[in-house]
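Me: I have a structure open and want to learn how to read it. Can we go feature by feature?

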Amino acid sequence: MQKRTLSDLYNNWDQLVENATSWEGRTLKQAFEKDANRSARYTVSATGLELDFSKNHIDETTLSLLLDVAKQADLKGAIKRLMRGDHVNNTEDRPALHSALRYAGKASSPEEKAVESTLNKMAGLIESVHSGEWKGYKGDKITDVVNIGIGGSDLGPRMVTKALTPFHTGHVNVHFVANIDGAEIHDLTQTLNADTTLFLVASKSFSTLETLENSLTARRWMLENGCAENELRHHFVAISSKVDKAVEFGIDADNVYPLWDWVGGRYSLWSAIGMPIAFAVGMDNFRKLLSGANAMDTHFAEAPPEKNIPVLMALIVFWYSNFMDTDTQAILPYAYHLQLLPAYLQQLEMESNGKSVTKEGVRVDYQTGSIVWGTEGTNGQHSFHQLLHQGTTTMPIDFIATLQAHHPIDHQHKYLFANCVAQSQALMTGRDLATTETELRAAGVSESEITTLAEHKVHPGNRPSNTILMDKLTPETLGALVAAYEHKVYTLGTLWNINSYDQWGVELGKLLGTHIATAIDTTDIPGDWDSSTQTLVRKFNEANKSI
Ligand code: F6P
């Protein structure tokens with residue numbers, strides 16, 4: 001089978017390999033010692049964000065070779081094609097116009113006009129619920145809004161709603177239900193009052209099992225709690241690109257907010273899918289989120305590649321993934337409110353770039369999307385950072401920090417920030433054997449103990465990281481940050497020549513899930529299934545026989 005290699009695509013491949021090899025004999029610490037200007041040289045700022053990528057295995061040659069790769073990939077042309085609505089999602093033959101969801105200025109294209117009228121309608125709904133004009137079936141004000149959705153119809157709104165906690169208006173409590181596991185909606189509804197609850201059914205396709213089943217459960221719960229069928233319209237709103245399906249499902253046509261085929265699910269938090277965010281922080285703050293993202297769109301489209309935040313973020317991951325054999329990326333926000341960012345980025349990066357054929361359908365022989373993981377600092381320090389410091393594997397890391405907090409506990413914010421910087425410093429400088437032995441000796445440790453202990457205390461160092469800094473986490477800076485990651489993903493997809501906007505890999509599991517559910521319902525287990533699957537289904541049927 002013919003496979004596509006990256007050296008077929010880029011004519012400076014050998015030089016890149018040579019530069020990567022040269023880093024085997026150099027350290028980041030030495031790079032800083034040699035160049036007093038290194039931090040300033042490798043820091044770029046735009047849209048309220050600062051990317052310090054100086055603690056990476058990059059020198060002027062590396063950077064110019066990587067920028068040449070971007071040129072050979074026609075990244076500039078690719079950005080133009082993305083923003084003007086070309087069908088960059090070639091396997092589904094459609095654009096990926098999420099940037100149109102946050103355009104600034106007067107709506108001119110049909111897409112922008114559709115966005116504006118939906119945002120205006122959404123503003124009316126938010127205002128009417130917040131003011132108490134919108135009432136539940138008994139005439140009470142809505143106090144709780146529950147978003148029912150999964151994947152892109154959950155992770156983005158959930159992450160942003162949490163991230164903007166300091167901006168919550170307090171008009172309503174916002175909750176999220178995603179999982180098919182009935183435990184989630186069951187537990188939540190135990191805490192709610194049906195008359196004062198509004199459900200948002202968020203599904204681009206309006207055919208997702210989890211969302212439909214949870215919505216039916218919510219509907220049953222409303223009816224069981226005294227709401228008449230003809231009053232359900234006070235309690236259900238839908239957001240979907242399949243408006244007819246939502247209406248068919250029983251949602252009042254007036255309560256259905258459109259989404260469009262030209263927005264990918266995982267890129268949709270900026271649309272009416274972001275309604276839970278607007279319920280939590282108000283429409284003005286939602287628009288500020290859009291304007292932050294719009295500023296990043298402009299930066300991505302206009303800044304030269306060497307000063308372009310998403311482009312540099314992508315080149316760094318490309319460098320480690322394809323020349324230094326790393327296969328994971330850690331996202332470590334030192335901001336409690338960004339605790340859901342790693343989970344959100346898992347879908348954004350892994351569903352977008354977890355591909356192994358080129359856009360033309362040729363299998364690749366190079367690494368594409370890597371595993372994204374992480375948690376908020378400092379929790380990770382007391383958990384997996386041991387492996388970051390002394391494990392046998394290394395990976396690119398994004399530390400994300402804010403200079404100012406929203407709370408008044410200044411000394412804790414100081415410790416948070418200090419820990420963030422200390423982690424990137426410790427990972428980079430490490431502590432060698434000689435220093436470790438000297439320190440142990442100074443602490444009065446005996447020579448025989450030093451022999452046993454010293455190697456355990458050595459930190460190899462030379463481990464890379466980015467630091468993304470912002471003054472404060474606000475709707476604008478958050479919008480810019482999330483859009484930067486979106487564009488980083490597209491840049492990587494362009495460099496790898498893969499389609500970042502489809503997700504065929506999720507289909508087989510869904511299909512087999514329905515076959516297995518049927519086998520459970522009918523107790524008819526196909527004899528040609530593997531013995532493991534047959535046994536597992538049989539065990540489930542056995543355990544649930546009497547129910
Ligand atoms: O199964 C994956 C997926 O299609 C995601 O791409 C999407 O964000 C999620 O399911 C939810 O889809 P929908 O919004 O159509 O319910």
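Reply: Start with domains. Their bounds come from an automatic or database domain assignment. Note that this is a predicted model.

Me: Into which domains is the protein divided?

Reply: Domain 1 is written in three pieces, 3-72 + 303-429 + 464-502. Domain 2 covers 98-286, domain 3 covers 430-461 and domain 4 covers 505-544.

Me: How far apart do the C-alpha centres of domain 2 and domain 3 lie?

Reply: Those of domain 2 and domain 3 are 58 Å apart.

Me: Which polar atoms lie by the oxygen atoms of the ligand?

Reply: Look for N or O pairs within 3.5 Å. Gly152 places a polar backbone atom 2.7 Å from a ligand oxygen. Ser153 uses a polar side-chain atom, also at 2.7 Å from a ligand oxygen. For Ser203, an N or O atom in the side chain is 2.6 Å from an oxygen atom of the ligand.

Me: How much of the ligand does the protein bury?

Reply: Alone, the ligand exposes 390 Å², and the protein buries 87% of that.

Me: What should I look for in the backbone?

Reply: Most peptide bonds are trans, and most residues other than glycine have a negative phi. The bond from Gly377 to Thr378 is cis, with omega near 5°. Thr378 is in the loop between strand S11 (371-373) and helix H16 (385-390).

Me: Which residue has a positive phi near 55°?

Reply: Thr47, a residue other than glycine. Thr47 lies in the loop between strand S2 (43-46) and strand S3 (49-52).

Note on methods. Residues are numbered from 1 along each chain as its sequence is written. This is a predicted model: local features need pLDDT of at least 70, side-chain atom pairs count only at pLDDT 80 or more; totals for chains, interfaces and linings use all residues. Side-chain values use heavy atoms; hydrogens and water are left out. A polar contact is a pair of N or O atoms within 3.5 Å; within protein, one must be able to donate a hydrogen and the other to accept it, and residues adjacent in sequence count only if both atoms are side-chain atoms. Accessible areas come from the Shrake-Rupley method with a 1.4 Å probe; for residues, only the protein chains shown count as cover. Helices (H or I, at least four residues) and strands (E, at least two) are DSSP runs, numbered from the N terminus.
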